[in-house]
Amino acid sequence: MKKKIGWLHLWLGLSSGLVVFIVALTGSLMVFEEEIDSFINPEFYNVPSIGTSKKSLDYCISVLEKDYSIKKISRISTWDDKSRTIVITGKNKDKESQIFSMDPYTGKVLGTVLYRDRFFSIVLSLHRELLLGDIGKIITGVSCLIFVFLLLSGLILWWPKKVQNLRQRLTVKWNSSFKRVNWDFHSTFGFYSFLFLLIIALTGLVWSFDWFEKGLYFLADGAVKKVSLKVENPTKIDPKLDQKSFYQNIYNKTDSIFPYKGNIQIRIPSDTINSIQVLKEHLDISIPDQSSAVYFDKYTGENIEIRPYASFSRGDTVKRLVYPIHTGSVFGYPTKIIAFFVTLFALTLPITGLIIWLGRKKKKSNSKIV
């Protein structure tokens, strides 16, 4: 049985090695996305100076409409931190998504980039779909499933036959030959990182396969049907109301409904059916991405529905934990550092595995010659 598992481990590892390398490399970058991006583009995150009062969101939007020919706003992101900029995403005259960083105190644009040209947009697309769209998504999904098998089979292959050999399997003989060090590095550190990589791989499957996400809801709620994040807009025809503080009022209402400290994000639907969703993240909770939601009529600005985080089903709660667990941000920097190092190690696995295979192949060739 172990021999058959070893054969599958070898050939599945070789077939998925390149994809695993790319996904692991991009994944390690995504762990510290905000930190890296703020270092590369500081103007997107911090204002030059903190003012005494802020411009309204509607004023900022009017600047984009006038100076940058933005036709439709899709997302407005604000932070509780007074030193942070506000980030607004909208469609330009060429119907491309463009991201703007603005000083909330002056309404000045501090930086702008097309979404498709943003460094981490490219990294994310590589990570999830290899820049190949739906086909790439299938490839990364299947490779992720294979990687889960490789982790489990690797544990079986690592497991010593005798207890007295356990110590040997838990250490790397650095003073040994390159071949032995490579094998020890592959198997020993593979054991130490097994649980972390398994969690990262399994949570990653949520973005690849609907059946996996439905299975998550079934385990948590006993049903595969999840609650829709969208709410249909009650007003079907735009009454063309003159509302100069439309988005600022929505922001203020959400802030008063959920009076805790938090970041607020306004999501405007691209379709003509659904309403505006506003999320407020609870910053006093140590685990990130714990947000409550309010829905507003996109024509009148009237409050339609309030969904506190406490009202979410166990399935929705678990789903919201998937992203921070996957990226390692679930418990802040300690888990982010762990996620960073284990994903860096994961990208070495196809390389060290290939070296092991080439060494065995060479050994077999030499034995045939003799």
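## Helices, strands and side-chain contacts in a predicted model

In helix α1, the buried residues are Ile5, His9, Ser16, Gly17, Val19, Val20, Ala24, Thr26, Gly27, Ser28, Met30 and Val31. The coordinates come from a predicted model.

Helix α1 covers residues 2-31 and counts 30 residues. A straight helix would reach 44 Å at 1.5 Å a residue, but the end C-alpha atoms of α1 are only 35 Å apart. The helix bends by about 55 degrees at Ser16, and Ser16 is one of the buried residues of α1.

An α-helix has 3.6 residues a turn, so residues three or four places apart point the same way.

**Strands**

Strand β1 (residues 72-78) runs antiparallel to strand β2 (residues 86-91), and 5 bridges join them. Within this pairing, Ile76 has Ile88 in β2 as its bridge partner. Strand β1 also pairs in the antiparallel sense with strand β5 (residues 262-267), over 4 bridges. Here the bridge partner of Arg75 is Arg267 in β5. In a regular strand the side chains alternate between the two faces of the sheet.

**Backbone at two loop residues**

Ser69 has a phi near 55 degrees and is placed in the loop between α3 (57-67) and β1. Leu131 has a phi of about 65 degrees, and its place is in the loop between α4 (119-129) and α5.

**Aromatic rings and charges over rings**

The whole structure holds 19 aromatic pairs. In one of them, the ring centres of Tyr309 and Phe312 are 5.6 Å apart and the planes stand at 80 degrees, so this pair is edge-to-face; the class requires an angle over 60 degrees. Tyr309 has a relative accessible area of 18% and is therefore buried, and Phe312, at 15%, also counts as buried; the limit for that class is under 20%.

Ring pairs also link Trp158, Trp159, Phe185, Phe189, Phe191, Tyr192 and Phe345 into a cluster.

The charged end of Lys55 sits over the ring of Tyr59, 4.9 Å from the ring centre. Arg84 lies over the face of Trp79, at 4.1 Å from the ring centre.

**Salt bridges**

The structure holds 12 salt bridges.

| Residue | Partner | Distance, N to O |
|---|---|---|
| Arg116 | Asp117 | 3.0 Å |
| Glu213 | Lys319 | 2.9 Å |
| Asp238 | Lys240 | 3.8 Å |

Glu213 counts as buried because its relative accessibility is 9%, whereas Lys319, at 26%, counts as partly exposed.

In the bridge of Arg116 with Asp117, Asp117 has a relative accessible area of 42% and is therefore partly exposed.

For the bridge of Asp238 with Lys240, Asp238 counts as partly exposed at 32% relative accessibility. Lys240 has a relative accessible area of 70%, so this residue is exposed, the cut-off being over 50%. Elsewhere, salt bridges that share partners join Glu33, Asp37 and Arg118 into one network.

Notes. Residues numbered from 1 in each chain as written. Heavy atoms only, no water. Expected span 1.5 Å × (residues − 1). Bend = angle between axes of the 7 residues up to and from the residue. Buried < 20%, exposed > 50% of the residue type's maximum accessible area, 1.4 Å probe, protein only. Phe/Tyr/Trp six-rings, centres within 6.5 Å; stacked < 30°, edge-to-face > 60°. Lys NZ or Arg CZ within 6 Å of the ring centre and 35° of its normal. Pairing = 2+ DSSP bridges. Salt bridge = Lys/Arg side-chain N within 4 Å of Asp/Glu carboxyl O.
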